[in-house]
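User: I am new to this structure and would like to understand the reasoning behind the labels given to its charged side chains. Could you take me through it step by step?

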Amino acid sequence: MVTLLSLVFFSSCNKENDSFDASDIVGNWEIQRATLVSGGSEIDIDLSQTGMSLCFRFDDDGTGATWGTDISEESFAYSLDGNVLVVEQPLETLVFTVNALSGNEMSLSTSVTEDGVSMQMTFWLLRI
């Protein structure tokens, strides 16, 4: 599951608009929960209860890295325009929608198709 989540990602005081500043995401984040929806089925994963971790670092220069349980650190470049977060990895570019972003919490969603199967994925991250 951590491998699937890492592949996708390389996919209180909430702002009520659709525009966020890139400086708002600078820092270290850990996925706490993920929801995967495909073909009418929904899977909710609480990573904080599994002993697995998947973390991300967004630097203020538009670069970052991901790491986690059984995952070596891998670098990426990113940009944030409004509520669209683009993560550029060496082998692929992923596009996320920033659903919510407060000082310590962020929610991202994306759609992916793998092996002909479409999935809608939503991630809830906590600043660490």
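Predicted model: local features only at pLDDT ≥ 70, side-chain atom pairs only at ≥ 80, totals over all residues.

User: How many salt bridges does a search of the whole structure find?

Analyst: The search finds 3 salt bridges.

User: Why is the pair of Arg 33 and Asp 44 called a salt bridge?

Analyst: The closest N and O atoms of Arg 33 and Asp 44 are 3.1 Å apart, and the term asks for a side-chain nitrogen of Lys or Arg within 4 Å of a carboxyl oxygen of Asp or Glu, so the pair qualifies. The two residues belong to distant parts of the chain, with Arg 33 in strand E1 (residues 27–38) and Asp 44 in strand E2 (residues 41–46), 11 residues apart.

User: What makes Arg 33 and Asp 44 partly exposed?

Analyst: Partly exposed covers what lies between buried, under 20% relative accessible area, and exposed, over 50%. Arg 33 has 32% relative accessibility and therefore counts as partly exposed, and Asp 44, with a relative accessible area of 47%, is partly exposed as well.

User: Which strands hold Glu 73 and Arg 57?

Analyst: Glu 73 lies in strand E5 (residues 71–81) and Arg 57 in strand E3 (residues 54–58), so their pairing ties together parts that are 16 residues apart in sequence.

User: Are Glu 73, Arg 57 and Asp 59 exposed or partly exposed?

Analyst: Glu 73 has a relative accessible area of 53%, which is over 50%, so Glu 73 is exposed.

User: What makes the meeting of Asp 61 and Thr 63 a polar contact?

Analyst: The side chain of Asp 61 makes this contact with the side chain of Thr 63 at 2.6 Å, and the distance cut-off is within 3.5 Å, so the pair meets that condition. Asp 61 lies in the loop between E3 and strand E4 (63–68), and at 57% relative accessibility Asp 61 counts as exposed.

Methods:
Residues numbered from 1 in each chain as written. Heavy atoms only, no water. Helix = DSSP H or I, 4+ residues; strand = E, 2+ residues; numbered from the N terminus. Buried < 20%, exposed > 50% of the residue type's maximum accessible area, 1.4 Å probe, protein only. Polar contact = N/O pair within 3.5 Å; in protein donor to acceptor, adjacent residues only side chain to side chain.
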